[in-house]
Amino acid sequence: MGLAEFERRKDEKIDGVIYDMSPAPGYRHGIINNNINRNIGNALKDSLCLVFMENLDFKYHPEENDDYLCPDVMLICDRKHLKGGSYTGVPKFIAETLSPSTAKRDRTTKKNIYEKAGVEEYWIVSPQGALEIYYLEDGAYVLEQNYILQDDKEDEDYNAETEITLREFPHIKMTLAEIFAGVD
């Protein structure tokens with residue numbers, strides 16, 4: 001058997017339709033996800049919460065069907081909903097980094113699913129240096145913050161040192177520069 005036969009293809013199932021997420025998005029996508037994952041993971045030491053990057057399926061309504069998403073970065077605190085390679089609880093935080101093949105779905109379908117599931121904080125990150133932060137307010141997402149990285153210290157809109165904090169986890173902080181470090 002070849003190695004390819006053992007590999008699990010990355011996909012998502014929405015309303016019974018499987019969306020193949022292969023081939024992998026560009027390297028900038030992975031760098032950003034790793035930056036966010038590492039910052040959250042470092043801050044979660046001695047915590048019951050866990051952060052996952054692109055490797056845990058989120059079954060967002062397991063009582064209805066077997067649909068699932070595979071968030072780029074997902075923070076969970078209720079371990080009793082972990083089973084095998086999936087999570088059936090409500091994540092505290094999800095980040096999706098846009099790629100050409102998933103951008104529309106990340107901004108529409110997946111955003112709506114996360115909203116209905118009760119995910120308190122949702123980030124949409126663009127490899128081109130943009131970050132949108134949505135908070136759940138009365139069951140609907142509200143765009144709370146919207147940044148476009150400006151890392152030229154001479155520019156009047158310089159914001160690379162702007163600190164981003166997860167709302168429910170004020171000890172989890174990272175700057176815009178840390179989120180986009182190494183993307184150039």
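Trainee: In which element is the place of Asn39?

Mentor: Helices are DSSP runs of H or I of at least four residues, strands are runs of E of at least two, and both are numbered from the N terminus. Asn39 lies in helix 2. Please note that this is a predicted model, in which local features need pLDDT of at least 70 and side-chain atom pairs count only at pLDDT 80 or more, while totals for chains, interfaces and linings use all residues. Residues are numbered from 1 along each chain as its sequence is written, and side-chain values use heavy atoms, with hydrogens and water left out.

Trainee: Is Asn39 buried or exposed?

Mentor: Buried means under 20% relative accessible area, exposed means over 50%, and partly exposed is in between (1.4 Å probe, protein chains only). Asn39 counts as buried because its relative accessibility is 17%. Other buried residues of helix 2 include His29, Ile32, Ile36 and Ile40.

Trainee: Which residues does Asn39 touch?

Mentor: A contact means heavy atoms within 4.5 Å. Leaving aside residues up to four places away in sequence, Asn39 touches Lys173, Met174 and Glu178.

Trainee: What is phi near in Glu54?

Mentor: In Glu54, also a residue other than glycine, phi is positive and near 55 degrees. Glu54 is in the loop between strand 3 and strand 4 (57–58) and is partly exposed, at 26% relative accessible area.

Trainee: How many helices and strands are there in the protein?

Mentor: The protein has 5 helices and 13 strands. The radius of gyration, taken over C-alpha atoms, is compared with the globule rule, 2.2 Å times the number of residues to the power 0.38. The protein has a radius of 17 Å, close to the 16 Å that the rule gives for 184 residues, so it is as compact as a globular protein of that length. Buried residues make up 45% of the 184 residues.
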